[in-house]
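Hello,

Here is the structure I promised to hand over. Please have a look, then read my notes below.

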Amino acid sequence: MTENYYDVLFGYANELCDGEGARLYNLKEVADFIHVMGGGYITEDDGTPLLEIQERDFVFCNDMRYKYALMKELRKGEGFEDRNWL
């Protein structure tokens, strides 16, 4: 079972982070959002940026523990299994 580091995160498909954003409750939901959107911006509940992925590459992440847990989940999904996330 994957540890839940954050109670709720918000996913945005564009850099403006406008609109409501998708509520994401665990690593699997964040990974699914990234797979469907091909990347995106993930923020904490208060709007603090957590990570940004563009074209399947990490651009920014301020929580390395979360990043490595997310990378494991991303590898399970279509299109990421061949990535070498080092």
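**What I found**

Val36 is found in helix H1. Helices here are DSSP runs of H or I with at least four residues, strands are E runs of at least two, and both are numbered from the N terminus. Val36 is exposed, with a relative accessible area of 66%. Exposed means over 50% relative accessible area, buried under 20%, and partly exposed in between, with a 1.4 Å probe and protein chains only.

Some ground rules. This is a predicted model: local features need pLDDT of at least 70, side-chain atom pairs count only at pLDDT 80 or more, and totals for chains, interfaces and linings use all residues. Residues are numbered from 1 along each chain as its sequence is written, and side-chain values use heavy atoms, with hydrogens and water left out.

**Overall layout**

The protein chain has two helices and five strands. From the N terminus, the elements run β-β-α-β-β-β-α. Of the 86 residues, 41% are buried. Take the contacts (heavy atoms within 4.5 Å) with a separation of 6 or more: residues 24 or more positions apart account for 40% of them.

**The sheet**

Five strands form an open sheet in the order E2-E1-E3-E4-E5, and the pairing is antiparallel. Two strands count as paired if DSSP finds at least two bridges between them. The edge strands are E2 and E5 (57-61), and each pairs on one side only. Neighbouring strands are turned by 25 degrees against each other on average, direction ignored. Axes are lines fitted to C-alpha atoms, for helices over the stretch in contact; angles run from 0 to 180 degrees between N-to-C directions.

Now the pairs, in sheet order.

- E1 and E2 run antiparallel and are joined by three bridges. Phe10 stands opposite Arg23 in E2.
- E1 (residues 9-12) pairs with E3 in the antiparallel sense over four bridges. Here Gly11 faces Ile42 in E3 as its opposite residue.
- E3 and E4 (residues 49-54) are antiparallel over five bridges. Gly39 stands opposite Gln54 in E4.
- E4 and E5 are antiparallel, with four bridges. Gln54 stands opposite Asp57 in E5.

Two hairpins deserve a look. The hairpin of E3 and E4 has four residues between the strands, and Gly47 takes a positive phi near 95 degrees. The hairpin of E4 and E5 has two residues between its strands, and Glu55 in the turn has a positive phi of about 50 degrees.

Which strand is largely enclosed by the rest of the structure? Strand E3 (residues 39-44) is, because five of its six residues are buried.

**Helix H1**

Asn26 caps the N-terminal end of H1, with a side-chain oxygen 3.1 Å from the backbone nitrogen of Lys28. That is a polar contact: a pair of N or O atoms within 3.5 Å, where within protein one must be able to donate a hydrogen and the other to accept it, and residues adjacent in sequence count only if both atoms are side-chain atoms. Just after H1, Gly38 has a positive phi of about 75 degrees.

Leu27, Val30, Ala31, Phe33, Ile34 and His35 of H1 are buried. The buried residues of H1 pack against E1, E2 (22-24), E3, E4 and H2.

**The two helices together**

H1 (residues 27-37) and H2 (residues 64-75) pack at an angle of about 65 degrees, with their axes 9 Å apart. On the H1 side, the contact uses Leu27, Lys28, Val30, Ala31, Ile34 and His35; on the H2 side, Tyr66, Ala69, Leu70, Glu73 and Leu74. These residues divide into eight nonpolar, one polar and two charged. Ala, Val, Leu, Ile, Met, Phe, Trp, Tyr, Cys and Pro count as nonpolar, Asp, Glu, Lys and Arg as charged, and the others, Gly among them, as polar.

Arg75 is found in H2. Arg75 counts as partly exposed, at 33% relative accessibility. The C-alpha atoms of Arg75 and Ala31 are separated by 9.2 Å, although the two are 44 residues apart along the chain.

Best wishes
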